[in-house]
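Subject: The structure I promised you

Hello,

Please have a look at it first, and then read on for what turned up in it.

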Amino acid sequence: MDAFLLMEPLDLARWRAEALARGRVVAADLESTDEDRMAAGALEDRAQADLAAYQMSFFVTDVLVAWLLVSPLDSAEQDRATKAMGRLVEYASSPRYRDVQALGDALTDALRPVYESPDILVRFSHAGGLPALFNDWATSVAKDGYCKSAVRSLPVNAWEHQTPESLLGVMKGLVDKISDAGEEVVATKLFTGVIYRIYSRYGLEPFERASTISDSCILFYFLHRRISRKPAAYRSHDAIRVLLKKYTNIPEAIRRRHGWGILTVSGRWDCLEYYGCVFANCPERTELLELKVRRQRGVCNPDAEARLYRWGDETRMCSTCKTVSYCSAACQKADRIFHKSQCKAKDDMETDV
Ligand SMILES: [Zn+2]
Ligand SMILES: [Zn+2]
C-alpha cells in the first residue's frame, strides 16, 4: 500500500485531466465551433460528476495525512512521512484536483488536521504547501472556518524556505481572496499581517513579480511602487497597515488606468470598449476601433499602438467622483448630461499612486 500511494503516479481525476486539456485546445483555437465548445462542456460536466475520483481523493489524502500525524518510529517511517508530505502538497496544489469544486472541497476537508496542527502546518509550508492554504482561505467551503484560523495562527517560521514560485502562489491566493471578499479585506489585521510577513522576510521582489498577476487587482503593483519609493518607512507592521488602508481608497479611475498599463498590446486592442475614455461616442475610440479592424486584416502600424496606449493612459478623471475618466475635455463635456446623475463626491481618496 505504501508503494501504491507514494510511488505510483496516481490517476485520481482522469476525466478532469481530459476536460482541462480539451478546454485549453478549444479556447486556443480561433476557429472552434459551438459544437466543439459543447463537447468540451460535456466533458467538463462529466469531470464534475466523477464521484469515484471524489471518493478516492478522500481516501488517499486521509491516509497521507494519517502518516504525517503518527510520530515515526524508525527511519523507514520517517522516509514515508517525508514522501507523504510531498504527495500531499502535490495534490493540494494541483489545479487538476483543486479546480473541481467537489474534489477541491474533499481535499480541503482531508487537510483539516494539517491546518489545525501548527507543527505539521510548518512542515507542510516548508514543503511548498502555503499556496494551497491561501487558496483554501480564499475560495474553499471552510474559508471562514478552520482555513482562516490556520492563516491566523500560522507560525512565523512557516514563512521560512519559501521559493519565488510558492510566494507567487500565495499572492495568487490573496488576489482570489480580494475578488471573493472585496477590497475591504486588504485592510484587515489578518491580511496586513500576511503582507508584512512576506515583505519583512523577502523584501520587495515578490511584490514586483506579482505585479502582473491580475489586471483587475493592482495591489502588488501598488505595494511595489509605494514601498520602493521609501523603503525605510515601511519596516513596521503598522506602517504596512496604514499603506494597505490607503490602497482601499484608490479611486476607480486610477485602478482602471493601472489596469490599462499592465495589459499586453493585444489585450489593449481587445479591451478597447472597457477601458479608457468613458464617453460612449468618444471620437478617438471610434478611430482606434477602425485601426483595430485594419490590424486584424494584417495592416501593421506601430504608431497606432502608441496612440492606443496614450488614449487609455493620459486620461483626466472626474474630479468630483473620481470613478470615471475621459481622454479629453471635449469628451468630458459631452458626457456631462449622462454622467451627472451618477456623480457623487467621495472623501479622502488616495490619488497619488
Ligand atoms: Zn474620449
Ligand atoms: Zn463624476
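Predicted model: local features only at pLDDT ≥ 70, side-chain atom pairs only at ≥ 80, totals over all residues.

To be clear about the term, a cavity is a set of points on a 1 Å grid over the protein atoms alone where a 1.4 Å probe fits but cannot get out, and lining residues have an atom within 4 Å of a point. Grid points are joined across faces, edges and corners, and a volume is the space filled by probe spheres set on the points. The lining of the largest cavity is made up of W269, L291, R294, R295, V299, C300, N301, A304 and E305.

Residues are numbered from 1 along each chain as its sequence is written, chains are lettered from A and ligands numbered from 1 in the order in which they are written, and side-chain values use heavy atoms, with hydrogens and water left out.

The largest pocket has a volume of about 560 Å³. A pocket, on that grid, is an open set with protein on both sides within 12 Å along at least five of seven lines. It is lined by 24 residues, and those closest to its centre are A92, S93, R98, P131 and N135. Two or more lining residues come from each of α5 (75–93), α6 (95–98), α7 (101–115), α8 (118–139) and α10. The most come from α10, with 7 residues.

Now for the metals. The zinc ion (ligand 1) is held by the SG atoms of C277, C282, C327 and C331, at 2.3 to 2.4 Å. Donors are N, O and S atoms within 2.8 Å of the metal (3.2 Å for Na, K and Ca), and sites may look incomplete because water is not among the atoms. The angles among the 4 donor atoms run from 101 to 118 degrees, and the site is tetrahedral (four donors count as such if all angles lie between 85 and 135 degrees). Along the chain, the donors of this ion follow the spacing C-x4-C-x44-C-x3-C. Of these, C277 sits in the loop between α16 (265–270) and α17 (283–296) and C331 in helix α19 (residues 329–339), a pair 54 residues apart that links distant parts of the chain. Both C277 and C331 are buried (under 20% relative accessible area, with exposed over 50% and partly exposed in between, for a 1.4 Å probe and protein chains only).

What coordinates the zinc ion (ligand 2)? Its donors are C318 (SG), C321 (SG), H339 (NE2) and C343 (SG), at 2.0 to 2.4 Å. This site is tetrahedral too, with angles of 103 to 116 degrees, and its donor residues are spaced C-x2-C-x17-H-x3-C in sequence. C321 lies in the loop between β1 and β2 and C343 in the segment after α19, so the pair ties together parts that are 22 residues apart in sequence. C321 counts as buried at 2% relative accessibility, and C343 does at 16%.

As for disulfides (cysteine sulfur pairs within 2.5 Å), a search of the whole structure finds 0. C271, for one, is in no disulfide, and the nearest cysteine sulfur, that of C282, is 16 Å away. C271 is buried, at 18% relative accessibility.

Two backbone spots are worth a glance. H161 is not a glycine but has a positive phi of about 60 degrees; it is found in the loop between α9 (146–152) and α10 (164–181) and is exposed, with a relative accessible area of 58%. K322 also has a positive phi, near 55 degrees, and is found in the loop between β1 (316–317) and β2 (325–326), where K322 is buried at 18% relative accessibility.

Best wishes

Note on methods. Tetrahedral: all angles 85-135°; square planar, octahedral: opposite > 155°, others 65-115°. Helix = DSSP H or I, 4+ residues; strand = E, 2+ residues; numbered from the N terminus.
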